[in-house]
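Please look over the sequence and the model before reading on.

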Amino acid sequence: MSVITNTWRFLLQRRLWPVAVLLIVAAVAVPTLLASEPTAAPAPPAAAVKSDTASVLATEPIVARAGDGDRSGRRRVLGASKNPFKPKATPTPTPAPVRVTDTGAAAPVTGSTGSSSGGSPTDTTSPAAPGTTAPTTPTTPATPKKKYELNELTVRFGPSDAASQPPRKDVKRLQALPSNDLPVLIYLGVLADKKTAVFLVDSGIVAQGDGTCRPSRTTCETIQVKEGETEFFDVPADDSGSDPTAAPADPTAAPAAPAAQYQLDVVKIRRTTTSSAKKASKSLARVSKSGRKIVRARIAGDGPLRYHYNAKTGRLEKLSHKAYKAVVAKAAHAARAHF
């Protein structure tokens with residue numbers, strides 16, 4: 001008690017007695033509050049339940065045992081039925097389609113799939129299944145376009161027959177028709193109008209049709225035939241085996257029937273343009289060599305022709321009267337020089 005008494009006197013002397021009073025009240029109240037039990041909170045009102053529901057729940061259980069009649073019925077399940085003891089089937093891969101390129105190699109067909117974000121499509125290639133060969137479709141290669149020489153002709157030439165047309169063929173410059181062994185015609189070239197083809201006619205041939213003979217129809221050394229025109233040529237019979245002691249034929253008698261008749265139709269003149277003299281020179285070199293020999297032999301025997309081939313333009317030019325006389329004089333002088 002001396003400690004409590006001394007403390008109380010000390011607080012009174014220092015005028016702190018209110019603090020002492022509070023300490024004494026606290027020392028008494030705190031144990032009392034801790035020893036008392038808290039009052040329970042009132043319970044919320046229970047929800048009203050219908051009498052019929054309560055009676056059912058009271059009499060019947062929530063989970064009922066299944067009977068024999070329920071087990072005999074078929075249960076309905078979602079999705080396709082599956083046997084749990086059957087092994088899973090392996091899907092067969094589908095071979096990717098293959099296209100054939102122009103070079104004949106097979107290449108896979110690529111497709112494009114769009115991205116989910118709306119971006120640019122991405123090319124995807126379907127891989128071919130291993131061990132499988134995709135069927136290939138053969139493609140027909142493109143036929144290359146035919147190239148023609150300068151002023152090359154497309155004609156129909158052959159024996160005339162009312163039942164059918166002569167066969168079609170392409171003719172280069174200085175080429176003989178129908179052959180080098182029987183040169184009925186030799187194609188010399190095209191005039192400056194680019195529409196008229198000129199042919200050298202063999203001696204003794206009689207021409208009839210749309211063409212124009214030079215120098216005359218009775219003496220037809222050369223003939224001019226345009227596109228779309230038709231000309232007939234009568235080849236006389238070979239009288240080399242006739243009897244020389246026989247009397248000469250009557251000039252007033254009708255001419256003998258020709259041994260053969262040929263038909264010429266000029267279908268097309270290939271007007272290939274030349275931009276330089278070099279191209280024309282190359283075309284001049286690519287001519288029939290056999291036909292050139294026949295023309296030179298004809299000139300040596302019957303004299304020069306009235307035409308000149310211009311290598312720069314690729315055209316056939318007709319000589320003037322003065323120029324033709326000069327060529328004839330030059331040929332005669334060359335012939336005399338050989339004796």
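## Salt bridges

The side chains of R298 and D302 meet in a salt bridge, with N and O 2.5 Å apart. A salt bridge here is a side-chain nitrogen of Lys or Arg within 4 Å of a carboxyl oxygen of Asp or Glu. The model is a predicted one, in which local features need pLDDT of at least 70 and side-chain atom pairs count only at pLDDT 80 or more, while totals for chains, interfaces and linings use all residues. Residues are numbered from 1 along each chain as its sequence is written, and side-chain values use heavy atoms, with hydrogens and water left out.

R298 and D302 are four residues apart in helix 6, and are therefore separated by about one helical turn. Helices (H or I, at least four residues) and strands (E, at least two) are DSSP runs, numbered from the N terminus. R298 counts as buried at 17% relative accessibility, whereas D302 is exposed at 54%. Buried means under 20% relative accessible area, exposed means over 50%, and partly exposed lies in between (1.4 Å probe, protein chains only).

The structure holds two salt bridges. In the one between R217 and E231, the closest N and O atoms are 3.1 Å apart. R217 lies in the loop between strand 11 and strand 12 and E231 lies in strand 13 (residues 230-235), so the pair ties together parts that are 14 residues apart in sequence. R217 is partly exposed, with a relative accessible area of 39%, while E231 is buried at 0%.

Five strands form an open sheet in the order 7-8-9-12-11, with antiparallel pairing. Two strands pair if DSSP finds at least two bridges between them.

Helix 6 (residues 289-302) lies across strand 7, strand 8, strand 9 and strand 12 (220-226), and runs at about 100 degrees to strand 8. Contact means heavy atoms within 4.5 Å. Axes are lines fitted to C-alpha atoms, for helices over the stretch in contact, and angles run from 0 to 180 degrees between N-to-C directions.

## Strand 9 and its partners

Strand 8 (residues 183-190) pairs with strand 9 (residues 196-201) in the antiparallel sense over five bridges. The two strands form a hairpin with five residues between them, and K194 in the turn has a positive phi of about 60 degrees. G189 has V198 as its bridge partner in strand 9, and Y187 stands opposite F199.

Strand 9 is also joined to strand 12 by five bridges, and these two strands run antiparallel. Here F199 stands opposite I223. Is strand 9 buried or exposed? Six of the six residues of strand 9 are buried, so the strand is largely enclosed by the rest of the structure. Both faces are covered: T196, V198 and L200 are buried on one side, and A197, F199 and V201 on the other.
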